[in-house]
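This report walks through a single structure, one region at a time. Please keep the sequence and the 3D view at hand while reading.

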Amino acid sequence: MSLHIRAAQVTDHAAITRIIVPTIRAGETYALDRDLSEAEALAYWIGPDRETFVAEDEGMVLGTYYLRANQTGGGAHVSNCGFMTGEAALGRGVARAMCADALDRARARGFAAMQFNFVVSTNVRAVRLWDSFGFDVVGRLPGAFRPPELGTVDALVMFRTL
C-alpha cells in the first residue's frame, strides 16, 4: 500500500461523504444526529473552522480526518481532530497513518497539545490506537453516550502534549 495523505479538495467531497455518512448513521462512535443529511454531514466535516485531509491509496480515498483548534481564545493552543475510515481501510493502518500525520501537522501549526473531547469508551480500536500514540485518559464522562444497541456508555477525554 502506498498511502498518501493530503488536504481534501472539492473533488474529494463525494468520497468523504461515502466514508462519514455510514459512520454517522451507525451511531456507535460519534455524538452526531444519525439523521443528518449527506449535505449536513459533509458541511460538519469540512467546516470553516477546520482543515480536512484525506488518506488515499492509488487514487482511492480510504479515510479522512480534520484538524482544528479545540477551543478559541485561551484554549486555541490545543488541537482537536476527528477521524473516520471506510470499510476498505480496516486493518490496513490507515487510521494509524492519519493520526501520525495529524500530530505532525498540529506541531507544525504551533499547537502545544491535542485533545479528543468525546471518545466513546466502546470504540476499543480508537481507544487502543490513541493510547499507542501516548494519549492519556484525563476524564471519563459516565453514561454520556447512548449507542443504538448498548444503552448508555462512558465517553473519554483523551489528551497528549506535542
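At 14% relative accessibility, E56 counts as buried, where buried means under 20% relative accessible area, exposed means over 50%, and partly exposed lies in between (1.4 Å probe, protein chains only). This is a predicted model, in which local features need pLDDT of at least 70 and side-chain atom pairs count only at pLDDT 80 or more, while totals for chains, interfaces and linings use all residues. Residues are numbered from 1 along each chain as its sequence is written, and side-chain values use heavy atoms, with hydrogens and water left out.

E56 belongs to strand β2; helices (H or I, at least four residues) and strands (E, at least two) are DSSP runs, numbered from the N terminus. The side chain of E56 makes a polar contact of 3.1 Å with the side chain of R6. A polar contact here is a pair of N or O atoms within 3.5 Å; within protein, one must be able to donate a hydrogen and the other to accept it, and residues adjacent in sequence count only if both atoms are side-chain atoms. When neighbours within four places in sequence are left aside, E56 is in contact with S2, L3, H4, R6, V61 and L62, contact meaning heavy atoms within 4.5 Å.

E58 sits in the loop between β2 (51-57) and β3, and at 74% relative accessibility it counts as exposed. Most residues other than glycine have a negative phi. E58, although not a glycine, has a positive phi of about 50 degrees.

**The sheet**

Seven strands form an open sheet in the order β1-β2-β3-β4-β5-β7-β6, and the pairing is mixed; two strands pair if DSSP finds at least two bridges between them. The edge strands are β1 (3-7) and β6 (136-145), each of which pairs on one side only. From one strand to the next the twist averages 25 degrees, with axes taken as lines fitted to C-alpha atoms, for helices over the stretch in contact, and angles running from 0 to 180 degrees between N-to-C directions.

| Strands | Sense | Bridges | Facing residues |
|---|---|---|---|
| β1 and β2 | antiparallel | five | I5 and A55 |
| β5 and β7 | antiparallel | six | M114 and R160 |
| β6 and β7 | antiparallel | six | L141 and A155 |

Strand β3 (residues 60-69) contains R68, which is buried, with a relative accessible area of 18%. The side chains of R68 and D49 are joined by a polar contact of 3.4 Å. Apart from neighbours within four places in sequence, R68 is in contact with D49, R50, V78, S79, N80 and F111.

Helix α3 (residues 94-108) has 15 residues and reaches 21 Å from its first C-alpha to its last, close to the 21 Å expected at 1.5 Å a residue; the expected span is 1.5 Å times one less than the number of residues. The buried residues of α3 are V94, M98, C99, D101, A102, L103, R105 and A106. Just after α3, G110 takes a positive phi of about 90 degrees.

The C-alpha atoms of G93 and V119 are 26 residues apart along the chain and are separated by 19 Å.

**The cysteines**

How many disulfides does a search of the whole structure find? The search finds zero, a disulfide being a pair of cysteine sulfur atoms within 2.5 Å. C81 is in no disulfide, and the nearest cysteine sulfur, that of C99, is 7.5 Å away.
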